[in-house]
Amino acid sequence: MWQELRAELHPRGLEIVTVALDSGGADAARKWIEAARAVDSPGGTPVDSPGGTPVDSPGGTPHPALIDRAHVCDELFGIVNVPSGVWIDERGMIVRPPETAYPRRPAFLDREIPADATPRLREAMEANRRLRIDAERYVAALRDWVANGDVSRYALAPDEVVGRSRSRPMEHSTAAAHFELGLELQRRGDAERAAGHFREAHRLQPENWTYKRQAWALAGNDRDRLYATDWLAEVKKIGAENYYDPFDD
Amino acid sequence: MLARSLDLAELRAVGWEARAEGLCKGERCVPLPAGADLRDAARALGMAIVEEPALALWAVGPESGGRALTSAVAPDLVLPDLEGRPFALRSLLGTKVLLVAWASW
């Protein structure tokens, strides 16, 4: 979903690097890329178009599309939801920490709820419609930074970048350790023991949607049994309008 | 990071090295008592450690107490692309970068 913006801004000095936070690796990402060529999915998932695909680049070389099986970016940058964008300048300095990053207003914000929708689908679509996503302001800020560099008001000073990144109490360090053990045990085929660690990660850092959604996806049909919750139930606890932090310029 | 033992050398994966003066990362050194193991080191560094001793498997979380980003210098990130070729973020020095994390799930 980033191709258009990339085609516009690459000639002006911006590269877009997409990173799939996906324990399923390249296979999971590739499958999604093919599925994304169909129409985006209704309801259920709030990210109906979660990020760049490497193959559809209109003209020129494709942008780097990377795979992060171990979720190292979660820990390195403090990413807790997708899609998240981090801005890095020509000198390798981060000038904006992770923020919700949509290249345009996603279709699910405006999708009409069909009259014959089941109550559950209706609820999910209503939640999707209430997500706060200010793609227009985000992209305007990005264009401003690409045009003006350091003097852009959106390029933050190093102290502010650090200060705006997420706080990291001991609970979050423990959650990260549990999540990593969960991924490893899942890889070894021990889904039950993995789920125990994932549940601990969810309990210790409930605002980390990456931990939740990755674990639920790995559980497949066992999700209800292992976690007794889902995206909609969790979103209702906090209110859909709080699912994404608003863009703070 | 995952560890297969409680040996301090496991911490090399996250840049910490056992030296005479303690555990060091660059200029920064944290003193450790003689015979200290990974558990002691994690405690001294404010890192969580979660154990699966029956599997000889440990996970050490990131340093706590501050922010997720300890510095605005972008980390040396190297990740594979779809074909498995490693790509270094550093290779884009000289260009502005928007790094976008997404997921299939």
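**View 1. Strand 4 of chain A and its burial.** Seven of the seven residues of strand 4 of chain A are buried, so the strand is mostly covered (buried: 20 or more other C-beta atoms within 10 Å of the residue's own, C-beta atoms being placed from the backbone; strands: DSSP runs of E with at least two residues, and helices: runs of H or I with at least four, numbered from the N terminus). This is a predicted model, in which local features need pLDDT of at least 70, side-chain atom pairs count only at pLDDT 80 or more, and totals for chains, interfaces and linings use all residues. Residues are numbered from 1 along each chain as its sequence is written, and chains are lettered from A in the order in which they are written.

View 2. Ser84(A) stands opposite Thr100(A). Five residues lie between the strands, and Gly92(A) in the turn has a positive phi of about 80°.

View 3. Trp87(A) stands opposite Leu98(B).

**View 4. Surroundings of Ile94(A).** Beyond neighbours within four places in sequence, Ile94(A) is in contact with residues including Trp87(A), Val161(A) and Leu69(B) (contact: C-beta atoms, placed from the backbone, within 7 Å).

**View 5. The contact between chains A and B.** Here 71 residues of chain A are in contact with 44 residues of chain B. Helix 7 (residues 170-187) gives the largest share of the chain A side, 10 residues.

Conventions. Two residues are in contact if their C-beta atoms, placed from the backbone, lie within 7 Å. Two strands pair if DSSP finds at least two bridges between them. A residue is buried if 20 or more other C-beta atoms lie within 10 Å of its own, exposed if 12 or fewer, and partly exposed in between; C-beta atoms are placed from the backbone.
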